[in-house]
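Please look through the sequence and the model below before reading on.

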Amino acid sequence: MSADFLYGIEVVLNGLMAGVLYALVALGFVLIFKASGIFNFAQGVMALFAALTLVGIMEGQVPFAHLINAVFGTNIHHFGWQVPAILAIFLTVLVMIAFAWAVQHFVFRHLVGQEPIILFMATIGLAYFLEGVGDLMWGSSIRTLALGLPQGGSLWVEEMTNGLGGDDFYGFFIDKLDMVATLVALVLVAGLVAFAQYTKQGRAMRAVADDHQAALSVGISLSYIWVLVWSLAGIVALVAGVMWGAKSGVQFSLSLIALKALPVLMLGGFTSIPGAIVGGMIIGVGEKLFEYTIGAPYLGGATENWFAYMLALVFLVFRPQGLFGERIIERV
Amino acid sequence: MPDSKETLLEVNNIEVIYNHVILVLKGVSLNVPKGGITALLGGNGAGKTTTLKAISNLLHSERGEVTKGSVIYRGEPVHHLSPEALVKKGVVQVMEGRHCFEHLTIEENLLTGAYTRRDGGAAVAADLEMVYTYFPRLKERRKSQAGYTSGGEQQMCAIGRALMSRPETILLDEPSMGLAPQLVEEIFTIVKNLNENEGVSFLLAEQNTNVALRFAHQGYILESGRVVMEGPAAELRENPDVKEFYLGMSDEGRKSFRDVRSYRRRKRWLA
Ligand SMILES: Nc1ncnc2c1ncn2[C@@H]1O[C@H](COP(=O)(O)OP(=O)(O)OP(=O)(O)O)[C@@H](O)[C@H]1O
Ligand SMILES: [Mg+2]
């Protein structure tokens, strides 16, 4: 096999792994959109907030320290303890569930039956509110996430694949963190699908996605299901935030990963879990491969910023409901 | 005919307003006796669906509101309860137009009906079998997505789903809608069997007066948000007004609809 071809494969592999992260963020959108018709603009900020909260808890930071000190004239910043990662993750999940409950209780409960555009506006407000709360709780400096996730290229993969090509090929370079992220994402997605498919609450969630009125009529509480999907979206956001944060630090720009999920949704459809996953992969691989084959050699590089949107746009023109957009069942 | 005359559900003079301005029910009262089939009849827009939703508390999500009167179930006021709480009390609605969860299979649809139950998987599984014995067709199609089944099968699915909550009372809205006469007959026969064998009481909203009055024990006729006539089904079937306007038969040839109606109505109101 020629070295060029093998490097092409490496690009595809790396693209797939980047795609997994895009897919994760898109998945958060799909969960909420399917169950409530709300396009949650705050999904990216939720990922940032979750990652910040995780770091804050792990480092034993006092939440709202600045505020507390300003009001009471104290000077506290840390509790002086470190929280083990597992416990911190568990606590962060609880925080995300509390957030989901608050969103339902203080915002969407009062907006039942409103136009989608109004719900969308509410999530924009929510995004900025959450960003502010994140700042206030944990400060706005760039944080590193010390979860002890492996970093750097995998020597093992490199050595295993070294012999595939000629002298010009040194084996695949694959980031260990990407491998972990992919694995975690796969487990998460499998878990979510199993939950939706085989549990009572998951079934109720799908029922609500199909028909709100009918769900009410059999005694399913919509607000309960909505808290549930926002909690799941919060957990997905946490995972995405952790993976992204481990790569490039926990900082404001993390909330912009939401922008990466948009073309994924355009491609995969807003209501399809498989669509989010496959869409994420296509975007991930597409942008890396485009950069490798055309972008870098001919267009001066940095095509990754816009390629996804271009691809999605072309796609939209031909298949507006997305790749897997839920088939609209048409019969009486 | 039910022997006991115990009243299960009592609707007292309720008024319903949509969107804060549209007055749709103008004082509707009715009683549903335990163990009976009660028909709620009337033409398009008479307010049948609104009445059922006022009872099951599904109005809220449609921006409708009960502004007067009360709904009493087993002697307890229930109009402040959530639909969920009402299902737990044994009152479940089968909505007009079936409203199956179309991307769920038939069996999953039925299982969602058991959502509020806390009596364990074995009891639910037993009831699933019970539903399949009443609706053998559903058993055949249990792995199909509900959206791809026929209208009749969807109606059966909707009724079966309601049964899965182990209800005492089913509010059944227009089960005949869009179905061939033979299928309507089949569904009403099953309703009758459920009533007789499982002891489920029905409040049945129908435009198809003919079929409804054959299967019901008693009926109410609704016109523009008011009950204009009530009585045992057999009596309503013989009533000349009902015959003429709802059953489409007349002894005296065709007359101007409006004349006759307003005249007779006046008579009815003055009497
Ligand atoms: N959500 C709503 N908002 C405003 N008006 C409504 C709403 N739902 C129903 N109405 C009005 O209330 C009246 C009664 O409607 P309802 O659906 O209860 O009639 P119905 O007897 O069930 O008729 P049908 O036999 O056609 O189903 C109609 O005039 C209808 O236009
Ligand atoms: Mg109706």
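How many residues of chain B are in contact with chain A, and how many of chain A with chain B? In this predicted model, 33 residues of chain B touch 25 residues of chain A. The size of an interface is often given as the accessible area lost when the parts come together. Here the area buried between chain B and chain A is about 2,600 Å², with carbon and sulfur atoms giving 55% of that area. On the chain B side, B:Phe101, B:His103 and B:Tyr115 supply 27% of the area that chain B buries against chain A, which is more than any other three residues supply.

The elements of chain B that give two or more residues to the side touching chain A are α2 (83-89), β6 (91-94), α3 (106-112) and α6 (151-163). By class, that side of chain B has 12 nonpolar, 13 polar and 8 charged residues.

Chain A itself has 13 helices and 0 strands. Its C-alpha trace spans about 65 × 65 × 35 Å along the principal axes, and its radius of gyration of 21 Å agrees with the value near 20 Å that a compact globule of 332 residues would have. Of these 332 residues, 50% count as buried, and residues 24 or more positions apart account for 72% of the contacts in chain A with a separation of 6 or more.

Over all chains, the structure holds 19 salt bridges. In chain A, A:Glu287 pairs with A:Lys260, the closest N and O atoms being 3.2 Å apart, and the pair links helix α12 (residues 273-298) with helix α11 (residues 257-268) across 27 residues. A:Glu287 counts as buried because its relative accessibility is 0%.

In chain B, the side chains of B:Glu168 and B:Arg74 meet in a salt bridge at 2.3 Å, N to O. B:Glu168 lies in the loop between α6 and β7 (169-173) and B:Arg74 in the loop between β4 (64-73) and β5 (76-77), so the pair ties together parts that are 94 residues apart in sequence. B:Glu168 is buried at 17% relative accessibility, whereas B:Arg74 is partly exposed at 45%.

How values were computed. Residues numbered from 1 in each chain as written. Chains lettered and ligands numbered in written order. Predicted model: local features only at pLDDT ≥ 70, side-chain atom pairs only at ≥ 80, totals over all residues. Heavy atoms only, no water. Contact = heavy atoms within 4.5 Å. Buried area = accessible area lost by both parts, 1.4 Å probe. Helix = DSSP H or I, 4+ residues; strand = E, 2+ residues; numbered from the N terminus. Nonpolar A, V, L, I, M, F, W, Y, C, P; charged D, E, K, R; others polar. Rg over C-alpha atoms; globule rule 2.2 N^0.38 Å. Buried < 20%, exposed > 50% of the residue type's maximum accessible area, 1.4 Å probe, protein only. Salt bridge = Lys/Arg side-chain N within 4 Å of Asp/Glu carboxyl O.
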